[in-house]
Amino acid sequence: MAVTEIKTAPLKEVETEQLLTGCEAIAEAIRLADVDVMAAYPIRPYDGVMQAAAKLIANGKMDVEYIVADGEHSQFEIVKHASAVGSRVFVGSSGVGWFYAFEAIAVTAGLRLPVVAICGNRALDDPGAFGTEHNDSLAVRDLGWLLPWAETAQESMDLALMAWRIAEDKRVSLPIAIGLDGAFLTHSQQLVKVPVKAAVDEFLPPYDLGDRLLHPDNPITIAPQVDQDWLMEIRRQNDAAMRSALDVITEAHADFKRIFGRGGDSPFLDEYMTDDAEVVFFGQGTLALPMKVAIRRLRKQGHKVGLVRLKWFRPFPTAEIVKSLSRFKAVGVIDRDYSFGSPYYGGVLYNEVRSALYSHPKRPTVVGFIAGLGGREIEQPMANEIFEKTVAAGRGDLTVGDQCHWIGVRA
Amino acid sequence: MSQTVTAPTTTDITIEVVYRGIFQKTLAQRICRSVVLAARRRGSPGTAFARYGDSPERNGVPAKQFAVVAVDDTQLEASMARYEPSVTDITVAVDDTLVKGVESWAWYGRQPIWKTTKPNGFVIVTSDKTPDEIVAQTDKAERPYTLAVVPGAASFAGLWVYKDDHTDWRVLGAIAKVAPDWIRLDDVKALVQEQTKDANAVASVQYGFDATALRPVAVGEGTSGHEVLQFEKPGWTTMRPGIVVDARKPGERNPFYKKYGARTMRPVVNFDTCIKCTMCWLDCPDECFEVTPTGHYEVVYEACIGCGICAQVCPVKDCIVMVDELKFDPDLDANKTVWPQWQSDRPAYNKWFEAKSGVSAAPKSAKAAASSGAAATGGED
């Protein structure tokens with residue numbers, strides 16, 4: 001086989017604005033972060049990253065070991081092992097493909113290997129569907145993966161650049177899976193500011209596993225079999241890592257803002273028109289976009305309504321959420337996911353928010369909405385219904401049995 | 001013979017069977033199950049279980065199974081949902097070499113056979129040795145106990161076969177002897193009759209009851225010659241992150257898990273007849289052999305599990321001989337290198353070799369050596 005020399009394109013001297021899909025923005029981040037190994041296996045919508053990265057490599061703009069695996073399980077195992085031997089890695093999948101990798105996903109977190117992934121959020125089969133739903137990402141919520149969600153293509157890239165820094169920080173050393181809503185984010189082109197490599201280099205230190213590096217010169221065993229004499233200590237240690245992630249995210253967010261001038265006030269919450277709000281919507285991902293439109297419309301009608309968008313689901317920023325949401329009379333939690341048979345038949349986010357608020361003396365009324373499943377668009381009449389029911393809940397007009405509502409579903 | 005020994009407690013009795021993994025798995029299970037079923041005949045509830053961490057079992061590596069019998073369900077519950085009891089009334093060792101210590105996992109260390117036996121409890125050992133010989137090989141007692149020796153050699157079988165030599169019935173007879181308040185001889189005999197329809201099996205129960213020799217062991221009796229292997233388990237703040245443990249460097253042997261506790265037979269080498277053919281060194285599954293400066297191969301006993309493959313592949317008759325582990329004194333014959341002794345004083349070494357192996361150290365003929373073209377007597381060539 002002929003060896004082709006890959007010539008790296010000259011670095012762009014200035015930040016450029018490009019029209020990119022969320023997937024292409026992630027691919028740019030892979031280039032900027034000097035990722036060593038990425039593994040791929042096609043599934044929509046994650047495959048958008050595959051294509052964008054392949055194009056960057058083919059065009060000589062990126063040098064990365066690009067491995068197409070025989071399935072998602074191998075795909076995630078490849079990067080796990082590459083990470084253990086000192087490579088900065090990227091991987092991703094969607095929907096049931098993500099589930100096919102589940103064993104590898106579990107052990108990656110258990111082993112504290114800083115794999116950075118995207119989960120192009122997609123409804124779980126069956127029925128086969130391509131639209132967005134957050135249950136694929138959320139299924140790993142108890143494993144030790146950090147789970148941020150992006151709203152825009154810009155935020156996708158920014159979160160990715162932060163992800164390597166946070167994941168690879170020795171205080172954390174846990175994998176991160178960025179949630180990208182299928183179609184609305186992965187396959188929609190938006191204007192994205194692409195930073196220069198030198199700025200990224202200032203922000204993102206080289207990957208260094210230290211004495212955990214699996215190398216013949218550093219003989220170690222990783223992932224030995226243990227029994228009940230060891231497991232709790234290992235879990236508690238990983239728990240400490242997840243707890244310190246809150247500080248590390250805060251630091252990375254502040255440094256990112258210093259270097260790139262983006263990121264908003266809080267690393268964890270994006271508040272929209274909440275200063276004088278009486279009721280707020282709460283959710284994550286792209287559903288914030290139609291809800292912001294609704295808020296502007298409702299505000300014109302004189303309603304004091306706002307939005308709190310969650311940026312990091314894991315670690316769950318409990319203190320920030322309690323501090324923010326306890327200011328309001330009622331909170332309408334919009335879940336683009338569902339948890340069958342859960343308390344009050346609600347979504348995952350709904351129950352997490354209620355749990356976080358439970359012990360606060362000034363907890364607001366929390367009402368849940370299941371909306372936009374399978375990528376169904378959230379239209380303005382649906383936003384109206386969500387608003388009206390949230391206000392009614394704040395007045396105490398809804399009973400316990402009414403605490404979760406399916407929005408926009410045909411009877 | 002009368003049943004004069006009283007039961008150690010009034011609410012429950014816990015019996016552990018320490019055995020060689022795989023080789024005695026079925027034997028241990030039959031003993032523990034029979035204890036529970038025999039006690040059930042008089043109405044006592046019970047439970048039998050294997051130590052979960054031992055599964056999948058490893059050939060010869062010490063493992064444990066348990067039987068608990070209680071006066072009622074409430075008392076039984078106190079012994080349930082556990083991996084292993086911390087205190088037992090009776091410890092049964094179905095291979096006498098287990099009295100040299102029980103090393104199942106690295107962090108367990110090497111445990112005395114009586115580790116869980118309560119004060120004035122019983123240690124039952126199947127052996128063709130005398131009680132005094134057993135005590136001499138057992139860790140120095142920290143609590144008084146009674147040693148009970150059930151006559152008979154260790155009963156070894158494979159994973160899928162069971163050597164039905166009545167060891168289980170003889171041990172049950174011995175248990176009925178030391179814990180009659182819980183396990184009545186008549187109940188055991190009735191159970192065995194019912195299960196086997198074999199009068200010889202019932203007779204073996206009676207034989208175990210009659211022939212088991214009791215020997216009180218006082219605090220301080222026993223040997224302090226065995227290696228101490230004890231480890232502290234780190235906490236979550238002190239252990240390395242990422243489930244990382246130090247690996248062994250090339251040429252380095254594991255200082256934490258030595259494996260010789262799996263050994264029932266020890267290979268001894270006649271360096272005078274060794275032809276340096278490398279077969280033992282090549283075929284040892286645990287890479288136990290080191291090359292000496294004279295080009296001989298000697299066993300690193302700390303790493304040897306006594307599988308016997310070296311003796312099988314050695315082309316020279318009686319050059320490597322497998323010897324009963326209990327023939328080796330804990331102090332004088334510790335797991336140390338023996339080749340230097342042969343190097344410095346061959347007659348003394350060869351005398352030791354002959355005493356242990358029971359075969360002559362003198363080269364019988366030069367046939368094997370001559371055919372391979374090597375000198376039969378030398379070590380220095």
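This is a predicted model: local features need pLDDT of at least 70, side-chain atom pairs count only at pLDDT 80 or more; totals for chains, interfaces and linings use all residues.
To colour them separately, select residues 16–260 of chain A as domain 1 and residues 269–406 of chain A as domain 2, which are the bounds given by the domain assignment.

Next, display the contact region between these two parts, in which 26 residues of domain 1 of chain A are in contact with 21 residues of domain 2 of chain A. On the side that belongs to domain 1 of chain A, the elements that each supply at least two residues are α6 (135–138), β6 (147–148), β7 (176–181) and α9 (231–260) of chain A. If you then colour the side of domain 1 of chain A that touches domain 2 of chain A by residue class, you will find 16 nonpolar, six polar and four charged residues.

From the contact region, move to the largest nonpolar core, a set of 129 residues in which A:Ile30, A:Leu161 and A:Ile166 have the most contacts inside the core. Selecting helix α7 (residues 153–168) of chain A shows the element that gives this core its largest share, 10 residues, while domain 1 and domain 2 of chain A each contribute at least three residues to the core. Centre the view on A:Leu161 and, leaving aside its neighbours within four places in sequence, look for its contacts with A:Ala29, A:Leu32, A:Ala33, A:Val200, A:Phe203 and A:Leu204. Apart from this core lies another, of 58 residues, which includes B:Val18, B:Phe122, B:Ala154 and B:Val205.

The last stop is in chain B, at strand β5 (residues 117–127), of whose 11 residues eight are buried, so that the strand is largely enclosed by the rest of the structure. Which strands pair with β5(B)? One is strand β4 (residues 88–93) of chain B, which runs parallel to β5(B) and is joined to it by five bridges; here B:Thr91 can be selected together with B:Val123, the residue of β5(B) that it stands opposite. The other is strand β6 (residues 145–151) of chain B, also parallel to β5(B) and joined to it by seven bridges, with B:Ser127 having B:Pro151 of β6(B) as its bridge partner.

Note on methods
Residues are numbered from 1 along each chain as its sequence is written. Chains are lettered from A and ligands numbered from 1 in the order in which they are written. A residue is buried if 20 or more other C-beta atoms lie within 10 Å of its own, exposed if 12 or fewer, and partly exposed in between; C-beta atoms are placed from the backbone. Helices (H or I, at least four residues) and strands (E, at least two) are DSSP runs, numbered from the N terminus. Two strands pair if DSSP finds at least two bridges between them. Domain bounds come from an automatic or database domain assignment. Two residues are in contact if their C-beta atoms, placed from the backbone, lie within 7 Å. Ala, Val, Leu, Ile, Met, Phe, Trp, Tyr, Cys and Pro count as nonpolar, Asp, Glu, Lys and Arg as charged, and the others, Gly among them, as polar. A nonpolar core is a set of buried Ala, Val, Leu, Ile, Met, Phe, Trp, Tyr and Cys residues joined through C-beta atoms within 7 Å.
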